[in-house]
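Here is a short briefing for a reader meeting this structure for the first time. Take a look at the sequence and the model before reading on.

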Amino acid sequence: MSTKVRKEKPFYPDHLFTEAVVALVVLAVVMLLAAFTVVPTEPIANPTDTSYIPRPEWYFLFLFQALKYFHGPAEVLGTFLLPTVFILLLILLPFYDRNPAKRWSKRPVALSSASVILIGVIVLTFLAGPVSTVTLFANPAHGKQIYAAKYCDSCHSLTGAATTDGPPDLLHVGSRLEPQYIYDHFKNPSALVKNSEMPPVTGLSDKDLKDLTAYMMSLK
Amino acid sequence: MSVYDWLDKRLDLRPGLAKMLDHPVPTWVNWLYCFGGITFFFFVLQAITGIFLMLYYVPSPDHAYESVQYITNTVHFGKIIRGMHHWTATLIVVTVVIHMLRVFWHGAYKAPRELNWVAGVCLFLLTMGFGFTGYLLPWDQKAYWATAVGTNIAGSVPVVGSFLLKLARGGTDLGAVTLVRFFDVHVALLPLFMVIFLAGHFFMIRRQGISRPY
Ligand code: HEM
């Protein structure tokens, strides 16, 4: 045990003062964020637009990603069983972890299982999240409008039809390509695909190009 | 004579206040222990900014979107208030998780603090509940469709699924009734439970003290 002597401090006023300072710093951070960023807003809800692919709040992304691995009858495993087991394991932790030790070095099982779960959640979040910054602030709903306005559908289909030659079908393009590639390809298709018959996408701002890329990425 | 003395003479405040304030803070408390307090501060901030947002927000499909845009673009300080509520909603999840990891790391959930861990997990779930219900309120595309997916998940639960789905949506469709329901849960039901569980959490902390991490 360490022999370091530190004097106990009273809650009032010493500790409360420290807490007040922390609270003020935190408040300042939140106010600065509020003042200098824009809360992202999408178009008004359209219940008939069933092609919209929603993304949950970032802290639900790991769950959203995990659900992708369960299909058909197994889906209920991902939507119900796994989360329920997870929450029960969390709530009941003090009752099944009977090891009285508190120091981390004496709790190898608890620490390693928790690390595995934590790493799993982080990895799933990143798998679901934007790996590229191209689409970080982009609006896929707006990209969809551009897709129509630029007559992309005069060449491309969105039906999942198999295409051997000619313009590829784009129904699942988001699971096939990386955002950076799509974005670069728009600017100059023939630089990436030899003799590409797709004309460069012109007359759009950089933001529009990113929105269009985000829309492509939403087609999974 | 100070105001405090005046009140103390009539209401005998000293013993109560002393009980609340006069106790030593253990020497092992360091910066890792601040996240519970920050989370609490964030909750208070959400309550305050939320009360302001409610002055203009209208929980109906015809007006929700417009009222949020009005708050953001027209109301004085509306952008700041909404931005604070938005950012705090994100940061509170970060701090509550760090707090939970801190408690786990120090083994502070072990006897005799089992019940406070259980109360803590409930607080964590309540926090996530605020996030889920609040997401629908701006009534934009992602709000609507993310909630459609989220409530569908409730519908996939065996046996009681279709009941849960109807309970969450107030019918089979996601519409006006759902929005009012989510609003009600977000501003009345969850805050009520949050306050109850926070009171329990803090009561237990004061009775048991901060655990020794070794
Ligand atoms: C709204 C959410 C929460 C708030 C405001 C909150 C607040 C606090 C505060 C201020 C403390 C004093 C020590 C510290 O800050 O580290 C504390 C201690 C504690 N919290 Fe929380 N908490 C919350 C959620 C949780 C969660 C999610 C858990 C665990 C699942 C938890 C479990 C505990 C335990 C076991 C203690 C006692 C720690 C000890 O004795 O060292 N709390 N909480």
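The points below go from whole chains to single residues.

This is a predicted model. Chain A has 220 residues, and chain B has 214. Chain A holds nine helices and one strand. Chain B likewise has nine helices and one strand.

**Chain A as a whole**

- The elements of chain A follow the order β-α-α-α-α-α-α-α-α-α along the sequence.
- Along the principal axes, the C-alpha trace of chain A spans about 75 × 45 × 40 Å.
- Buried residues make up 31% of chain A.
- Take the contacts in chain A between residues at least 6 apart in sequence: 61% of them join residues at least 24 apart.
- Chain A carries 19 positive and 17 negative side chains. The centres of these two sets are 14 Å apart.

**Chain B as a whole**

- Starting at the N terminus, chain B runs α-α-β-α-α-α-α-α-α-α.
- A box of roughly 55 × 50 × 30 Å, taken along the principal axes, holds the C-alpha atoms of chain B.
- In chain B, 44% of the residues count as buried.
- Of the contacts in chain B between residues at least 6 apart in sequence, 67% link residues at least 24 apart.
- Chain B exposes about 11,000 Å². Carbon and sulfur atoms supply 72% of that area.
- There are 16 positive and 10 negative side chains in chain B, and the centres of the two sets lie 9 Å apart.

**Helix 3 of chain B**

- Helix 3 of chain B covers residues 35–54, which is 20 residues.
- From first C-alpha to last, helix 3 of chain B reaches 28 Å, close to the 28 Å expected at 1.5 Å a residue.
- The buried residues of helix 3 of chain B include B:Phe35, B:Ile38, B:Phe42, B:Leu45, B:Thr49 and B:Leu53.
- B:Thr39, B:Phe43, B:Gln46 and B:Gly50 are also buried in helix 3 of chain B.
- An α-helix has 3.6 residues a turn, so residues three or four places apart point the same way.
- What covers the buried residues of helix 3 of chain B? The cover includes helix 1 (11–36) of chain A. From chain B it includes helix 4 (64–73), helix 5 (78–105), helix 6 (114–136) and helix 9 (176–208).

- B:Tyr135 is part of helix 6 of chain B.
- B:Tyr135 counts as buried because its relative accessibility is 14%, and buried means under 20%.
- Leaving aside neighbours within four places in sequence, B:Tyr135 is in contact with A:Arg55, A:Pro56 and A:Glu57, among others. Its contacts in chain B on that basis include B:Lys142, B:Ala143 and B:Ala146.
- B:Tyr135 and B:His86 are 49 residues apart in sequence, while their C-alpha atoms are 9.9 Å apart in space.
- A:Ser218 sits in helix 9 (residues 206–218) of chain A.
- A:Ser218 has 14% relative accessibility, so this residue counts as buried.
- C-alpha to C-alpha, A:Ser218 is 8.5 Å from A:Ser175, and 43 residues separate them in sequence.

**Cis peptide bonds**

- A:Tyr12 and A:Pro13 are joined by a cis peptide bond, with omega near 5°. A:Pro13 is in helix 1 of chain A.
- The bond between B:Ala111 and B:Pro112 is cis, with omega about 5°. B:Pro112 is in the loop between helix 5 and helix 6 of chain B.

- A:Tyr151 is not a glycine, yet its phi is positive, near 55°.
- A:Tyr151 lies in the loop between helix 5 (140–149) and helix 6 (173–176) of chain A.
- Is A:Tyr151 buried or exposed? At 59% relative accessibility, A:Tyr151 counts as exposed.
- A:Asn195 also has a positive phi, about 55°, although it is not a glycine.
- A:Asn195 is in the loop between helix 8 (189–192) and helix 9 of chain A.
- A:Asn195 counts as exposed because its relative accessibility is 67%, and exposed means over 50%.

Key: Residues are numbered from 1 along each chain as its sequence is written. Chains are lettered from A and ligands numbered from 1 in the order in which they are written. This is a predicted model: local features need pLDDT of at least 70, side-chain atom pairs count only at pLDDT 80 or more; totals for chains, interfaces and linings use all residues. Side-chain values use heavy atoms; hydrogens and water are left out. Helices (H or I, at least four residues) and strands (E, at least two) are DSSP runs, numbered from the N terminus. The expected span of a helix is 1.5 Å times one less than its number of residues. Buried means under 20% relative accessible area, exposed over 50%, partly exposed in between (1.4 Å probe, protein chains only). Contact means heavy atoms within 4.5 Å. Lys and Arg count as positive and Asp and Glu as negative; His and the chain ends are not counted. The place of a charge is taken as NZ of Lys, CZ of Arg, CG of Asp or CD of Glu. Accessible areas come from the Shrake-Rupley method with a 1.4 Å probe; for residues, only the protein chains shown count as cover.
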